[in-house]
Amino acid sequence: MTLAAIMCGVAGLIVAGGWINDVFVQLSEALIHSQSGHLQVYKKGFFAAGSRTPEKYLIEEPDTVRQQIATNTGVVDVMARLYFSGLLSNGRSDLPVIAEGVEAGPEAVLGSSVSITSGRQLNDKDAFGIMLGYGVAQGLKLKPGDHVTLLANALEGALNSIDLEVVGVFQSFSNDYDARAIKIPLIAAQELLGTQSVNAFVITVHKTEDTDLVKTMLATQLDQSGLEIKTWIELNDFYEKTVEMYKGQFGVLQLIILVMVLLSVANSVNMSIFDRTGEFGTMMALGNRRDQIFRLIMVESILLGVIGSVVGLVLGIVLALIISAIGIPMPPPPNANLGYTAHIQIILQVLLVSCAVGIGATILAAILPARRVSRIPIVEALRQNF
């Protein structure tokens, strides 16, 4: 019974911890590969105020800056973006939109978490193509093949327009973004605004874990050019809040499982120890000291905890692999329409903490009964043999 309680507790912690970590991984990769990339470079001040007036924070000589970034170790790709607001018209009604001028090829590679609900991605041949967020397409009742007109203020202040053909409709991680976002080729955006500059460079790296290292290498170099660099975490403030919320929930779950294991093990250990009170009385009568009895009981409990935790560790890993192979269909997160398939991540830290909880609970459960039995008078203990 003791081993079963420890095994189930440890395996439960491994599965729950692996699922929570998978939420973090899925969320981070969805954000990186739908909108932000791993890093973004702006002109200083853009992150604080540029969303309202992006035309005031343009990066001059973008080819030079791109080459400067691309030569750094760890950088996989660098793509330019030009942001502006405009009015999209289908000939019958208009809708204010937030537009992005993008480089079609690299953006298609980056956007692996973007779902194309109809049509296709932009490609390098679409000189005057446009991709619409799902909410924009619904609002204007547009589909691939339709033609639209995009109006925007050029940098000189004059109103300019461009005719575009809808090539696809996309859904990203965020409903709010999809309700107002459109993407057009960077060259078309520069022609519309009358500039050769860009607002941002989006950088991808080999592994998400390398993001901070690459940022450190680039920060000093870019600061001298009047540019600032932000990581995907800094660009997605709600990610950190979500992680803190789930970590708090997992902490409560760990506490609940610890208490359950502690109570179950305490009950089993108590029964086992007090059923053997007569044996311990005989050992003390034969000359064994009370501290030896206490150590004996604690060693037995530690062995139980270690064996149960190791078996629970193996059981938890096996369950994680089986569940991951099957997948857990998850509903869309808040502010999203797209569900995802969850898995159980096998994380070394979770494995160690789970084993520590199993062993620690067993030791804590044994301390009080062991002290009590070791202090029973020898005569009273011997009576338990009759």
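Hi everyone. Let me begin with a term: a cavity here is a set of grid points where a 1.4 Å probe fits but cannot get out. By that rule, this structure has 1 cavity of 30 Å³ or more. Please keep in mind that we are looking at a predicted model.

So, what is around that space? The volume of the largest cavity is about 110 Å³. Its lining is made up of 14 residues, and those nearest the centre are Glu107, Ala108, Gln121, Met131 and Lys183. If you want to find the spot on screen, go to helix 4, residues 104-110, which gives the most to this lining, with 4 residues. Sorted by class, the lining holds 8 nonpolar, 3 polar and 3 charged residues.

Besides being among the residues nearest the cavity centre, Lys183 lies over the face of Phe170, at 5.0 Å from the ring centre.

That takes us to the aromatic rings. How many aromatic pairs does a search of the whole structure find? The count is 7. One of them joins Phe46 and Tyr57: the ring centres are 6.3 Å apart and the planes meet at 80°, so this pair is edge-to-face. Phe46 belongs to helix 2 (residues 46-50), while Tyr57 sits in the loop between helix 2 and helix 3 (62-70), so the contact ties together parts that are 11 residues apart in sequence. Both of these residues, Phe46 and Tyr57, are buried.

Now back to Phe170, this time with Tyr177. Their ring centres are 6.2 Å apart with the planes at 45°, so this pair is tilted. Phe170 and Tyr177 are buried too. There is also a cluster to look for: ring pairs link Tyr42, Phe46, Tyr57 and Tyr83.

Searching the whole structure gives 0 disulfides.

Cys355, in contrast, is buried, with a relative accessible area of 16%.

Terms used. Residues are numbered from 1 along each chain as its sequence is written. This is a predicted model: local features need pLDDT of at least 70, side-chain atom pairs count only at pLDDT 80 or more; totals for chains, interfaces and linings use all residues. Side-chain values use heavy atoms; hydrogens and water are left out. A disulfide is a pair of cysteine sulfur atoms within 2.5 Å. Buried means under 20% relative accessible area, exposed over 50%, partly exposed in between (1.4 Å probe, protein chains only). On a 1 Å grid over the protein atoms alone, a cavity is a set of points where a 1.4 Å probe fits but cannot get out, and a pocket is an open set with protein on both sides within 12 Å along at least five of seven lines; lining residues have an atom within 4 Å of a point. Grid points are joined across faces, edges and corners, and a volume is the space filled by probe spheres set on the points. Helices (H or I, at least four residues) and strands (E, at least two) are DSSP runs, numbered from the N terminus. Ala, Val, Leu, Ile, Met, Phe, Trp, Tyr, Cys and Pro count as nonpolar, Asp, Glu, Lys and Arg as charged, and the others, Gly among them, as polar. Rings of Phe, Tyr and Trp (its six-membered ring) pair if their centres lie within 6.5 Å; planes under 30 degrees apart count as stacked, over 60 as edge-to-face and the rest as tilted. A charge sits over a ring if NZ of Lys or CZ of Arg is within 6 Å of the ring centre and within 35 degrees of the ring normal.
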